[in-house]
Amino acid sequence: MSGIGIQNATKLFGKTQALKGISIDIRDGEFMVLLGPSGCGKTTLLRCVAGLERLDGGNVRIGERDVTDLAPRHRNIAMVFQSYAVFPHMTVAGNIGFGLRMHRVPKAQVDTRVREGAELLGLSPFLERYPAQLSGGQRQRVAVARALVMDAPVLLMDEPLSNLDALLRLQARADLKRLHKEVKRTTIYVTHDQVEAMSMGDRIAVMREGSIEQIGAPMDIYDNPASQFVGGFIGSPPMNFLRGAVRDGNFAGEGFSVPMSRPRVDLQGREIVLGVRAEHITIGADGVPARVLVVEPLGSHALVTALVGKTAVKVQAPIDVGVRPDQAINLRFDEATVRWMDAGTGAAVQH
Amino acid sequence: MNARVLDRTLIYGIAVLLAVWVLIPFYIIAISAFTPQAKIFDYPKPLIPTTFSTETMQFFVDARGVIPSVLNSVLVAVFTIVFGLALGTPAGYALARFHFRGREAFQVIVLATKMFPIAILSIPLAVTFLQLGLYDNLVSVALVHTAMALPFIILVTGGVFVAVSHELEEAAQTLGCSRWGAFLRVALPLALPGLAAAAIFTFVVSWNEVFAATILTLRTRTLPAQVLAGLGTSPLGFKFAGGLFMALPAVVFIFMIRRYLINLWGSR
């Protein structure tokens, strides 16, 4: 009903191309995360959907309507800004009800909906306060409440959690996810934090330099990154990469050789990158020889950094792994989870 | 005695010196204005007034032409504020919000008009006005004053709007406002204290301006022009009282808006 369709969107800032022809289809009620490093164009794309920036090419559809040339107020959207953009000269109630008043909703109805919105975000005790009298977390919730009471079918969020401290962010993340389950608006959520993206998104669009690198469900992207960039951006720690070439059933690089039980004729002789996640490596009696650099006990597990040849590899090991720096160890890669990428382009090789 | 104490002593010393430099003449004018006319020539002057009287002030206020010229001054100042803000606020807003071609050049040109002493600017302006036949009425004086106050108004309002986050206006737009509505409902209310400060400063500029007002007016003189016209022939008491009367609003207003002036001039 109110899906969002972006087709071939391009945007120029001077001579830099901020968006290089992006197309996405977002389903009604879906929570789509735009993820990428700063400067990748994710916020620009969101602002183009909101109507705060004009596209230089392509079009945007919300529901059945082409909104490419419409002003923000005619697009039936609500937005939460990174700085929250809470109006300092209005009370919390005034802020939450602002959009409703602009749409000439009758006063009694505004009051009811403001109270409901405040209730939903735990702001009821603060309705008569001014933003200056609120904490950062409370202000963030005012911004969310102000957007939600609009009952717009589309909700746009631009890094709404990035200004909160770590503990509060964890809490707010869970709250936002719960809210989405309750209100089921079509949501576009911009973030540079892959943990946020993984935990909240129905799907994630990983962006890089104005293009979309990969779109998919979080676990799909995590398990099958479309490129070295995606594998390195998603996951903490990021995916490990080893550069080498396949020869005679072995994957061999500088200072190491990994035996391959399943021959890959297609990879034979090619310069290639092996990608493997930290939790898919085990420390055992045999395997690829490595030397321990650092051991970081993290409570539930230990993160071991080891040198394979000249490449540092992170291994997620049991907390009682009992290795020490400089110790020689052997690593086994879970072959089913290993991904291959082209050494030149970084793109994943189909398997 | 360490360096920091020395620094502070130096700063305070200079500050006190400057304050005294400004305050002593002002103080002498003030006490003279409240000394009876007969005692004005007493020498040495007592630093603490022994006889307080409003006789001199009364004499000044009662003098012919003073009351009408005060009214003229107030009207000119009000016109100046209206014209100045109507022209300066949009310019300041544009400087704060848009990165248009020639923005830096515009800023420099605005500032450059402040390089010249007011006398140099006001005479060509006044001549132009005379040639255009725009003289001896309050609106023409207000127009000259607007030209003089405009650079300041543009720079102050520009600073004020820079301090109002652009995201606030964008948020208002996503919540149902037009571009103009967002300005009226969000940016303008938040900028209002700063705009008020600009208005007050404009009032002071206009209230104190004497060159253009003297050249452009004969019958509709503003207060400074009126006082100047009679300066050579009026008694000393009249001059002191007039000086105080003209200085007082400026002092009071500047005191009221000092917070904004300090903000403007880069406080910490």
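**Figure 1. What covers helix 2 of chain A.** Among the elements that cover the buried residues of helix 2 of chain A are helix 3 (107-120) and helix 4 (136-148), both from chain A. Please keep in mind, here and in every view below, that this is a predicted model. How many of the residues of helix 2 are buried? You can find them one by one: Val92(A), Ala93(A), Asn95(A), Ile96(A), Gly97(A), Phe98(A), Gly99(A) and Leu100(A). After helix 2 of chain A comes Arg104(A), a residue with a positive phi, near 55°.

Figure 2. Let us step back for a moment. Chain A has eight helices and 20 strands. Along the principal axes, its C-alpha atoms fill a box of roughly 75 × 45 × 35 Å. Chain A has 351 residues, and 41% of them count as buried. Take the contacts in chain A between residues at least 6 apart in sequence: 63% of these join residues at least 24 apart.

**Figure 3. Where chain A touches chain B.** Now look at the place where the two chains meet. The contact takes 19 residues from chain A and 14 residues from chain B. Which elements of chain A supply at least two residues each to this side? They are strand 6 (77-80) and helix 2 (92-102). By class, the side of chain A that touches chain B has 14 nonpolar, four polar and one charged residues.

**Figure 4. Two helices of chain B that cross.** This view moves to helix 6 (residues 138-162) and helix 8 (residues 179-208) of chain B, whose axes come within 9 Å and cross at roughly 155°. Because angles over 145 degrees count as roughly antiparallel, helix 6 of chain B is roughly antiparallel to helix 8 of chain B. The crossing of these two helices of chain B is right-handed.

**Figure 5. The residues that meet between helix 6 and helix 8 of chain B.** On the side of helix 6, the residues in contact include Met148(B), Phe152(B), Val156(B) and Val160(B). Across from them, helix 8 brings residues including Ala187(B), Ala191(B), Leu195(B), Ala198(B) and Phe201(B). Sorted by class, the contact of helix 6 with helix 8 of chain B has 14 nonpolar, five polar and no charged residues.

Notes: Residues numbered from 1 in each chain as written. Chains lettered and ligands numbered in written order. Predicted model: local features only at pLDDT ≥ 70, side-chain atom pairs only at ≥ 80, totals over all residues. Contact = placed C-beta atoms within 7 Å. Helix = DSSP H or I, 4+ residues; strand = E, 2+ residues; numbered from the N terminus. Nonpolar A, V, L, I, M, F, W, Y, C, P; charged D, E, K, R; others polar. Buried ≥ 20, exposed ≤ 12 C-beta atoms within 10 Å, placed from the backbone. Axes fitted to C-alpha atoms, helices over the stretch in contact; angles between N-to-C directions. Parallel < 35°, antiparallel > 145°, perpendicular 65-115°, else oblique. Left-handed = near helix turned anticlockwise from the far one by under 90°.
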